[in-house]
Amino acid sequence: MSTNGNLTAAERVTIPGLPAQALRADAADSWGRVRAALGARANLTDSYRPLSVQRKIFLERYEPRASGAGPYGDVRHYAGTRYVRMRGAAAAVPGTSDHGLGLAVDVFALTSFTSEHYRALAKVAHIHGWNNDAGVKINEPWHWEYTPANDTHPTERKPDVAHLIKGDKAPATYVLDPATGLRRYIDGLEFDVYTKQGSTVTTIPQAQLDALPKVPGTR
Ligand SMILES: [Zn+2]
């Protein structure tokens, strides 16, 4: 596993049903199950966040200050410098966010701890290993983190149901291995077998598909 914010393409997997969002494979699989249960109420604004983006967000809100605690009383140390939050919501010191490990999501339009949306999401997310504990501390109903040990739903897919993907510019279809993030080309015959067993195909942007590493020795 790479360090926070530096996950390789193989270490971040597109979330089933949410082609623009990626997480570590087990978390992606889990949020895919949450999304399957809740539909659009489990859509996301953010998931894996590379170090460069963590830095950008932090530096937009925090400024170097030798003294004082600023308007929010929020002082943090980053790269040997003392920073004070001057604007916006709290942000993790770059390299420490669970988003950088591919283990955190921000749920779209989930802005209240008391809404029906929150209750519905919490009920499902908890049994799939997600909690809002860190979010509660910083007043973010939308921020949820994954703990594999708390995932009561089996992480193994039914062996006969595969995660099939294709790009939006070519007909070739691949099986995506959720454990490794590698794709393997399948022919029409194998495609028919998988779909008859209940597998569905997720279409993602061609460039994103092309960027996914292949199982060695496959086309
Ligand atoms: Zn977040």
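Helices (H or I, at least four residues) and strands (E, at least two) are DSSP runs, numbered from the N terminus. Residues are numbered from 1 along each chain as its sequence is written. The structure is a predicted model, in which local features need pLDDT of at least 70 and side-chain atom pairs count only at pLDDT 80 or more, while totals for chains, interfaces and linings use all residues.

On this basis, Ser115 falls in the loop that links β7 and α3. Burial is assigned from C-beta atoms placed from the backbone: a residue is buried if 20 or more others lie within 10 Å of its own, exposed if 12 or fewer, and partly exposed in between. Ser115 has 13 other C-beta atoms within 10 Å and is therefore partly exposed. Pro141 lies 26 residues from Ser115 along the chain. The C-alpha atoms of the two are 9.9 Å apart.

The protein contains six helices and 13 strands. Its C-alpha trace spans about 70 × 40 × 30 Å along the principal axes. Of its 219 residues, 31% count as buried. Contacts were also counted, two residues being in contact if their C-beta atoms, placed from the backbone, lie within 7 Å. Among contacts with a separation of 6 or more, 60% join residues 24 or more positions apart.

Three domains are assigned: domain 1 (9-49 + 97-151), domain 2 (58-85) and domain 3 (163-211). These bounds come from an automatic or database domain assignment. The centres of domain 2 and domain 3, taken over C-alpha atoms, are separated by 46 Å.

An open sheet of four strands has the order β3-β7-β9-β8. Its pairing is antiparallel. Two strands pair if DSSP finds at least two bridges between them. The edge strands are β3 (44-46) and β8 (128-131), and each pairs on one side only. Neighbouring strands are turned by 45 degrees against each other on average, direction ignored. β7 and β9 run antiparallel and are joined by three bridges. Within this pair, Val105 has Trp144 of β9 as its bridge partner.

Helix α1 packs on the sheet and touches β7, β8 and β9. Its direction makes about 95 degrees with that of β8. Helix α3 also lies across β7, β8 and β9, and runs at about 125 degrees to β8. For these angles, axes are lines fitted to C-alpha atoms, for helices over the stretch in contact, and values run from 0 to 180 degrees between N-to-C directions.

The largest nonpolar core holds 24 residues. Such a core is a set of buried Ala, Val, Leu, Ile, Met, Phe, Trp, Tyr and Cys residues joined through C-beta atoms within 7 Å. Leu23, Ala28 and Trp31 touch the most other members. At least two core residues come from each of β1 (13-15), β2 (18-23), α1 (25-38), β7 (104-107), α3 (116-127) and β9 (143-151). The greatest contribution is that of α1, with five residues. Leaving aside residues up to four places away in sequence, Ala28 touches Val13, Thr14, Ile15, Ala22, Leu23 and Pro178. A second, separate core has seven residues, including Leu164, Ile165, Tyr194 and Leu209.

Another open sheet is formed by three strands in the order β4-β6-β5, with antiparallel pairing. β4 (62-64) and β5 (75-78) stand at the edges, each with a single partner strand, so one side of each has no neighbour in the sheet. The twist averages 40 degrees from one strand to the next. β4 and β6 (residues 81-85) run antiparallel and are joined by three bridges. Pro64 has Tyr83 as its bridge partner in β6.

Ala79 lies between β5 and β6. Its phi is positive, at about 50 degrees, although Ala79 is not a glycine. Ala79 counts as exposed because it has 9 C-beta neighbours inside 10 Å. Asn139 is found in the loop between α4 (133-137) and β9. Asn139 likewise is not a glycine, yet has a positive phi of about 60 degrees. With 10 C-beta neighbours inside 10 Å, Asn139 counts as exposed.
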